[in-house]
Amino acid sequence: MTEFISQYPFLAALLALLALGIPFGGLLGFAAVKFKTEGDPIADQVEALLPQTQCGQCSYPGCRPYAEAIANGEAINKCPPGGESTIQALADLLDVEAVPLDAEHGEENVKTVAYIREDECIGCTKCIQACPVDAILGAAKQMHTVIISECTGCDLCVEPCPVDCIDMLPVETTLQSWSWELPKPAEIIATDHSTEKEVTA
Amino acid sequence: MIKVWDIHGGIHPQENKNQSNQRPIESAGIPDRLVFPLSQHIGVPAVAIVSVGQHVLKGEMIAGAKGMMSVPVHASTSGEIVAIQDHPVPHPSTMSAPCVILKPDGKDQWIEHQGVENYLKLEKNELLNHIRNAGIAGMGGAGFPSAVKLNIQDEQIVETLIINGTECEPYITSDDRLMRERANEIVAGIKILEHLINPTKKTLVGVEDNKPEALAALQQAADGTDIDIVSFPTKYPSGGEKQLIQILTGKEVPAGGLPADVGVVCQNIGTSLAIYRAIAHGEPLISRITTVTGNACERNTNYEVLLGTPVSFLLDLCNFHQKNCSRLIMGGPMMGFTLENVSVPIVKTSNCILAPTADELPLSTPSQACIRCGMCAEVCPASLLPQQLYWFSRGKEYEKLEAHNLMDCIECGACSYACPSNIPLVQYYRASKADIRQLKQDAIKAEQSKMRFEARQERLDRQEAEKEAKRKARKLAAEERARDNNKSDPIQAAIDRAKAKKAAIDSDKPIVGKTSALLVRQGLEKTLTNIENRLLTATEKLRQAEQENSANVEAFRTSVEKTNIKCIKAKQELDVFNADNPVSSGASSIPVSISMPAEKKVLTGDAAQDAIAKALAKRDAASNMTDEERLQNAVTAITKRLEKAQQKLTVEKQKNGEHIELLASAVTKLELKLADANDAYLQFRQATNNQP
């Protein structure tokens with residue numbers, strides 16, 4: 001044995017590496033099969049951050065497909081309903097640079113909900129078929145109405161309406177939903193104080 | 001002497017309580033308009049149960065509780081409901097909310113009410129119902145429904161009942177005056193609470209040592225009871241529920257927990273009094289003590305105010321000077337909010353109206369950069385790190401804010417007070433708290449939307465799968481049928497049939513290629529058989545009908561006759577056909593060929609050849625005729641046609657049809673032709689007669 005090693009050091013080293021490599025390679029291969037991860041964990045995490053409006057403004061048919069696309073390297077700035085906060089969260093998760101919202105896919109607007117002007121509804125059920133979250137209630141030739149608490153404001157129902165009786169109304173602030181706003185950063189250094197007063201005066 | 005603990009941080013702002021606590025409580029009186037917001041408490045807004053124009057009495061319920069987390073609202077004097085509409089309410093948002101508006105009639109007439117004779121005999125639930133129906137919500141500031149707070153589950157052990165008489169915020173003296181003047185009623189209320197909660201250890205009333213008169217009054221009232229009146233050093237904000245618990249028991253309420261988690265229930269002095277009035281006298285919560293103070297008011301004092309009284313009414317009582325006032329505050333200088341509208345009413349939680357001058361409470365100067373001095377952390381009573389929270393709040397790092405326990409912030413304002421850079425720290429925390437709550441709600445909604453979306457997707461997929469399955473089943477069935485037919489594939493079968501027929505014809509009658517004629521004969525024969533069968537059945541039915549003397553005998557008879565006629569006709573047709581197409585094939589062929597004319601015996605390959613042969617035969621026959629005969633035939637034919645034409649004309653004339661003229665001309669032409677033919681025949685006859 002020692003004789004063999006001393007006589008053929010190169011061959012001996014090669015054999016030793018092979019002897020190590022084969023079982024460990026096999027072990028790794030077995031582990032890869034045995035402990036294979038089901039699904040796409042990154043897509044799951046991305047999906048958890050998306051607002052789930054299912055609006056399709058990102059040009060994908062829903063939040064899950066977009067999450068999968070992001071997991072495969074799609075840009076993270078295509079979700080207007082999520083806005084800057086979602087982009088920031090995605091950037092943190094994927095450890096990429098946070099980029100501004102891609103205006104091509106729409107702007108971050110105030111939250112809206114669909115409202116059907118019920119007098120004008122003809123009961124065609126087209127909006128019901130368009131709603132991704134089944135938030136519209138109604139039947140053929142019966143007036144339809146939106147379940148406000150379930151509406152995600154995706155405005156997918158607006159376009160199919162043949163009589164244009166669906167409005168996207170901003171969510172109204174009530175006493176219960178009202179909240180304090182972050183103070184405006186009026187931070188100035190003491191010497192600026194007098195000049196600012198003069199300007200405002 | 002009962003041991004007290006200290007809390008972390010805290011500040012000592014100027015107390016400014018002496019301005020208002022020198023005079024006894026006065027009644028504010030009845031304004032000419034009362035406004036009752038439906039939501040004066042935390043939880044679900046009450047529902048108005050009166051209608052416009054209805055007359056209500058003092059203490060009458062005008063809005064009912066909606067669910068457990070809600071309390072009713074009562075009219076604070078007698079009068080008429082003039083409106084139920086949106087009205088500005090005391091809220092930092094300066095928004096409007098649904099309110100019941102009452103116009104007092106000045107009589108201040110009570111509704112019939114009666115206290116409980118002996119509350120000790122009452123069931124706990126009944127007592128709680130009394131408290132709930134009296135519309136009592138926490139009067140310290142938050143307005144939490146008291147009946148909910150006092151509803152202690154059986155498995156929950158409450159060691160200590162704490163009554164909060166701290167009133168630590170500057171300027172406010174309403175509880176102070178209340179304790180001084182109505183100590184006996186307060187103690188009676190505490191006894192009711194004791195009975196309800198049944199604390200295993202003790203009942204403590206916590207009062208800061210800057211209210212010696214109140215302490216003395218309470219001690220006197222509580223003499224001989226197990227209620228301990230505890231005095232502790234003045235410090236803001238020791239009146240916070242969690243802080244007071246720590247001061248009096250040394251226990252800290254865990255983050256995100258409730259006082260009940262450390263075996264404590266806390267109630268406000270004002271609430272205790274309201275509970276006493278409700279139980280002992282049956283009076284609902286219709287008034288409260290409110291401090292009106294500040295240098296912009298000439299008179300600083302405490303008023304017993306009917307709930308719903310507009311703030312402007314109180315300010316008028318105190319000779320309020322608008323021009324001196326820098327801003328009007330509801331609540332204290334630390335935790336209160338600015339009032340934009342003086343028409344807002346006093347509600348269950350309004351403990352103070354502060355009208356300071358600009359010198360007294362200057363407007364906050366613009367904030368400057370954080371110098372990381374750490375003063376805020378030193379004064380924070382919740383042991384938080386306000387400076388860190390400030391940075392995270394500005395950076396909207398909500399996860400880190402939560403990790404730094406922003407939600408334990410009691411928004412006391414001590415950090416803002418201590419900040420040398422005048423940073424409005426509490427505003428940052430309030431905004432961030434709201435954002436976090438919003439994010440949490442959004443997350444819940446997103447989860448819900450996702451579930452609904454997935455459920456819908458699943459449903460659509462299922463429907464699609466069902467359709468697909470049906471389609472497949474149909475396809476399979478079609479294939480199955482096709483396989484069955486394959487045993488006698490339609491095309492193959494047709495070819496086979498044709499072949500078989502041809503073979504049969506070929507073998508039977510090699511010279512007859514007339515498949516069509518054969519088929520026609522077969523058809524005719526079949527018809528005949530069918531009709532014969534029908535005739536048989538019809539005759540059978542007729543006989544039966546005759547035997548049974550049925551009413552349908554006549555109908556059967558006609559049907560038999562008709563079938564008979566049809567049968568005869570079919571037979572004739574077959575005979576005629578056989579006569580025209582003599583075939584001696586098998587049994588069905590009829591040996592008529594012998595009787596056929598000679599020229600018709602020529603049988604050729606098909607019908608066209610047959611017709612040609614016929615025509616040829618006719619011509620031969622005609623050529624065999626003599627000229628005389630031919631001419632005679634022509635005359636006879638034309639005569640026949642003329643007769644027919646004349647008949648048609650007469651018929652047409654009778655009908656007065658439109659073809660009269662046409663027919664008439666045809667008749668004339670035929671007459672001319674007949675004349676010609678007659679002439680030709682006569683000339684021929686003459687010629688032949690002349691020849692011999």
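What percentage of the 201 residues in chain A is buried? Buried residues make up 23% of chain A, where buried stands for 20 or more other C-beta atoms within 10 Å of a residue's own, with C-beta atoms placed from the backbone. Keep in mind that this is a predicted model, in which local features need pLDDT of at least 70 and side-chain atom pairs count only at pLDDT 80 or more, while totals for chains, interfaces and linings use all residues. Residues are numbered from 1 along each chain as its sequence is written, and chains are lettered from A and ligands numbered from 1 in the order in which they are written.

Let's walk along chain A. Its secondary structure has 7 helices and 4 strands, which are DSSP runs numbered from the N terminus (helices: H or I, at least four residues; strands: E, at least two). Starting at the N terminus, the order is α-α-α-α-α-β-α-β-β-β-α.

Now see where the chains meet. Chain A gives 23 residues to the contact and chain B gives 22 residues, a contact being two C-beta atoms within 7 Å. On the chain A side there are 12 nonpolar, 7 polar and 4 charged residues.

Finally, look inside chain B. Helix H4 (residues 183-197) of chain B packs against helix H5 (residues 212-221) of chain B at an angle of about 55°, and their axes are 8 Å apart. Ala183(B), Asn184(B) and Val187(B) of H4(B) meet Ala217(B), Leu218(B), Gln220(B) and Ala221(B) of H5(B).

Key:
A residue is buried if 20 or more other C-beta atoms lie within 10 Å of its own, exposed if 12 or fewer, and partly exposed in between; C-beta atoms are placed from the backbone. Ala, Val, Leu, Ile, Met, Phe, Trp, Tyr, Cys and Pro count as nonpolar, Asp, Glu, Lys and Arg as charged, and the others, Gly among them, as polar. Axes are lines fitted to C-alpha atoms, for helices over the stretch in contact, and angles run from 0 to 180 degrees between N-to-C directions.
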